[in-house]
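Here is a friendly tour of a protein model, meant to be read with the structure open beside you. Please keep the viewer at hand as we go from one feature to the next.

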Amino acid sequence: MSAPRAATSIISQPLSRLRRAAKAHPRLAVLLRALLWALTLGYFAFALLLLALRYAILPQIESYRGDVERMISTSINRPVGIRKIEAHWSGLRPALNLEGFEIRDAQGRAALGFDQVDAELSWKSLWHLELRLALLELDAPSLLLRRDRDGRLFAAGLEITPQPGDEEGFADWLLVQERVVIRNASITWLDELRGATPLELKRLNFQLDNSGSRHRFGFTADPPRQLAARIDIRGDFHGRDLDQFQAWKGDAYAELDYADLAGWRAWVDYPLALPQGSGALRLWLGFANKQLASATADVRLADVRLQLRPDLPELDLVLLEGRFGGRRLDGGFEAELKHLTLATRDGLALPPTDLKLTWQEAAANRPSRGAATANGLDLDALARLATHLPLGDVNRARLARHAPRGRVFDLKLDWQGTPENVGAPEKWSVKSRFEGLGMTALGPVPGISGVNGHVEGNEKGGQLTLDGQKALFELPAVFAEPKLELEAFSAELDWKATASALQVRLQKAAFHNKDAAGEASGEWHALPAGPGRIDLGARLTRGSGDAVWRYMPLGVGKDVRDWLQGAIIGGKANDVTLKLQGDLAQFPFRDGKQGLFEVRGKFIDAGLRYADSWPVIDGIEGELLFSGQRMLITGKRGRIFGVALRDVRAEIADLEQLDELLTVTGKATGPTADFLRFIEASPVGERIDHFTEDMKAEGSGELDLKLGLRLRKLASSRVEGSYRFDGNRLTVDSDLPPLGEVRGALKFSADHLEARGIRGTLLDSPLSVDLRTAGDGNVQVNAVGEINVATLRRQFPHPVFDHLAGSSKWTGSVRVRKKSAEVKLMSNLVGLSSSLPAPFNKPATDAMPFSFERKAAPEPAARPAARPAAVSRAPTFKDTAPGSAGGRRARPDAGPARAQPRPRPAHAGGAPP
C-alpha cells in the first residue's frame, strides 16, 4: 500500500466512526458541528493575528513603545522606561530587543538600568490577557545590593524591602515567564548593618525555567578567590502562588569546591562558633510547608576549629569528612551519617562510620517508634567526642561513667513504645556484630573489655555469642578482686521472655587464664523480686590453688578471703566442680533446702599456712569443698619438715558468722627430732624460750594437732596438740645423760606444754617425769627415779664410786627460765651403802638425807642485738664428789662463762657438816 493511501485510511477510519456515532446520537452531531466551526474560526483568527503582527505591528513596534512600557510596568508593578525597541521573529514567536531599559523609583528617577534586554513573546499572553515571555535574557548587568543600618534593602538605589500589604507583582510575574536568563553579571553586596566589607560576585550566571507549577533555576558565580571557588546553586520547586508559599515544595543544591568557612563569618551568621576552617561542600536541601524538610551535606574540611555551644570546649579538627543528612518526619525526624571520618589535633581519630537514627513520636492511634542502624561505630571515640557535643549533662555523665569502648558493625535496632510510656519500649529488636567491646562496671552491670560477639533478638527472645582474647571482666558486685582477666573465652547464650518472667540460658561457656581453665552452663530465671533464680554448673579442668581466694564471692567474708590468700600456697587443682541452684536472694542457702551452693575439687602439691608463726604444711594432696556456708579443706597426705601427715582438715563451719572460726586438725607419724623442730618453729617455742632448741632425739612418735583460729581475733585462737613418744632416746642437756625408752604423751597449746607420767630410763634405771609450763612461760619438770651405783661406775669411772654399792630412789625438779636451769635433787640414800670415811660411811639400810641444788644463773645485762647468755647446766656427779672442797666449779663450756654451782654436802642424823 502506498503512503498516501495509508494516510487516507488512518484519517478516514476515525471520521467514519464519528459519522456513525452522529447518526446514532443527534445531539452529538450538533456538538461536533459546533466544535468544527469553532476550530475553523480560531484557525483563521490566529492566521489573521499572525499576519497582523508580522506585517503591521512588529515593523512599526517603535511607535508602540509607550504601550510596551505600560504593559511591563503593570506586570512588574514598577515604572519602566525604554530608549529604543526593535522587533524580529524567532521561529513562530515574535521577539523584542530593548535598549536602554530602566526600572524607575516612585519619583520616576532611574534606579536600575540595563543596556540591552532580549525577550521572546509567548502565545500564552493571548488567553492570560497579560504579558508572558518565552524568554527574557539579560547580558552582563552590574548590580549593587545594599542593606543600610536600619535593615532596609536596596537594589541599585531602589528600595526593595518587603512591606506589609505590598503586592508581590514582580515575583509573581517572574514565575510565569517560561525562561529568564542572566549572563556574565556582576553583583556587589554591601551590608552596612553588619559593618562588613563589600562582597563582590563576578561572572554571575542565572537561569530560571518555569513550566506551570514547576520552577527550576541554576546560579553560578565567582566570589573572591580567598573566600571560595566557584559557587554553584540549583533548585527545582513546585508551586503556583507565592501568597500560598507554605504549599510549595522542592529541592535545592549547592556546591563549593573550596571555601574558607571562617572567612565568610563577615557576611554569614553560623549557628556555632567557627573561628577557623576550610574545605569543600556539597549541599542538598529539601523544602516543604514553608520550612526545611530535609538536608544532606557532603563535606571535606581541614584545620577546623568549632564550638557547638558556648559552655562546651572547642573542638580542634585536623580533618572532617563524610556525609551528613536529615529530614523531618510526621512527628519525628531522621538523621544519618555516612562514611564519617575525623581526626582531632589531640590524637582522637574516628574511622569511617555509618549511622542512621529515625524517631517518631506517639500519635493518637500510633505508639512512638524508633530505629537505628550503624556500621563501624567506634564507641570510645564517640564517648570522647561527647564532651564537645550538646548532649545534656545527664547523658554526658552517663557516657563518662560507662566509658564505652569497641566497634559496632551491622547494627540494626528498632523499638516501639506506647503513648503512655515512651521510655519503656514494649517491642524492640536488635541485630549487631561487635569487636573489642568494653565498658566500665556500674552497680550490678559488669564491666567488660576486649569482647567480640554477635547478638540478634527481640523482646520475645534471642541469641548472643561471645568470644575474646585477652578479655577483661569487672565484677565488683561479685568479687572483692573485681578484675577477671581471661586469656581466651567463648560463650553461647539465649534468652526467652514470657508474660511471667525472663529466662536466660547459658548453653556453653569455655575460658582459660593463668589461674584456671574450664567450662560452664546453666539457666537464670527472673523473679518478681530479688536477683532471680539460677541453676548453674561449672567445671575446671585446671586451676591454681593460690588463686582460690580471688574467686570467692563477696558473700564470703573478707577475713576468710584474706586467710585463703595467705593460707593456700601454690598447688594445682583439677576436676573442680561448681553447682549453684536456687533463689539468689537466699544465697548461700544455709539450710540446704532453699538451694545449693557447692564448690568441690581436688588439688595436689599445695601448701597450707594455716596460721602465722606455725610451720607450713606442704605437699598436701586433698580436696576443697565449699558447701552452703561451710568451707572444708581435707588433705589425704601432707608433710611438715618432711614428716608425713594424714587426715589434715581445715574447716570453717559458718562462713557468714561475724567471728569466723577456722578449725585445723591433722595427724603425723615420724621422727621425734622433726617434732622438736615443729615445736621450735611454732609460737610454743617462743613461749617456752626455746626450751627444746638444743634437745636431741632418736626414735619416732605420733603428732595429733588441733587448732581453733578466730580469723578476726587470732590472738584468742586455741591450739591443742599432743605428741606420743614411742621408745625414744632423748638428750635433754649435753651435760646430762640421755633418757632412754621414753614413752608417753606431751600435750601442748599455743603457750603451754604439759606431760604426765612419761616413762623412761636414766642410766638404765627407771624414770617417771611430769612436765608443765607455768603462766610466766617457765618450764617445770618433776622427776622420780632410781639410781644404781654399778651403772654410775660404768658411766662415770670415778674413784668415789669404788666406795659405794647398791641403789637408791630419788626425786628431783628442774625449773627452766630463759634457758637457765634451777635444779633440785633429793634422796634418803636407803639401799645404798658407803665405805667412805665418816661422816659419809653408812650401811644400805640406813637413811642419810641427801640434797643437791643448783641455782639459776643471774640474768646478764641486756645488750643490743645480742643473744641471751648461755644458761648453766646441771653439773655432773664428778663435779660435786666429796673431797672437792665444797664442790668443784662447773665444767667450763664454750661461750660466756657459766654460773658456778653451789652444792650442799650430804649430812646425816642432823649432824653439822
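## Aromatic rings

Phe217, Phe237 and Phe287 form one aromatic cluster. This is a predicted model, in which local features need pLDDT of at least 70 and side-chain atom pairs count only at pLDDT 80 or more, while totals for chains, interfaces and linings use all residues. Residues are numbered from 1 along each chain as its sequence is written, and side-chain values use heavy atoms, with hydrogens and water left out.

Searching the whole structure gives eight aromatic pairs. Here rings of Phe, Tyr and Trp (its six-membered ring) pair if their centres lie within 6.5 Å; planes under 30 degrees apart are stacked, over 60 edge-to-face, and the rest tilted. The ring centres of Phe217 and Phe237 are 6.3 Å apart and the planes meet at 10 degrees, so this pair is stacked. It links distant parts of the chain, with Phe217 in strand S10 (residues 214–222) and Phe237 in strand S11 (residues 231–238), 20 residues apart. Helices (H or I, at least four residues) and strands (E, at least two) are DSSP runs, numbered from the N terminus. Phe217 is partly exposed at 25% relative accessibility, whereas Phe237, at 14%, is buried. For these words, buried means under 20% relative accessible area, exposed over 50%, and partly exposed in between (1.4 Å probe, protein chains only).

A second stacked pair is made by Trp359 and Trp415, with 6.4 Å from centre to centre and 25 degrees between the planes. Trp415 is partly exposed, with 21% relative accessibility.

Which residues of helix H8 are buried? In this helix (residues 558–567) they are Val560, Arg561, Trp563, Leu564 and Ala567. Viewed down the axis of H8, the buried residues fall within an arc of 160 degrees, so they line one face of the helix. The arc is taken from the directions from the helix axis to the C-beta atoms.

The strands that these buried residues pack against include S31 (630–640), S32 (643–652) and S33 (661–671). S31 and S32 run antiparallel and are joined by eight bridges; two strands pair if DSSP finds at least two bridges between them. Gly638 has Leu645 in S32 as its bridge partner. The two strands S31 and S32 form a hairpin with two residues between them, and Phe641 in the turn has a positive phi of about 55 degrees. S32 and S33 are also antiparallel, joined by six bridges, and Glu651 stands opposite Thr663 in S33.

## Backbone details

Most residues other than glycine have a negative phi, and most peptide bonds are trans. Arg203, in strand S9 (residues 199–211), has a positive phi near 50 degrees and is partly exposed at 47% relative accessibility. His339, in strand S16 (residues 332–344), has a positive phi of about 50 degrees and counts as exposed at 53%.

The peptide bond from Ala838 to Pro839 is cis, with omega near 10 degrees. Pro839 sits in the loop between strand S42 (832–834) and strand S43 (850–854).

## The whole chain

The protein chain has 11 helices and 43 strands. Of its 913 residues, 37% count as buried.

Notes:
Contact = heavy atoms within 4.5 Å.
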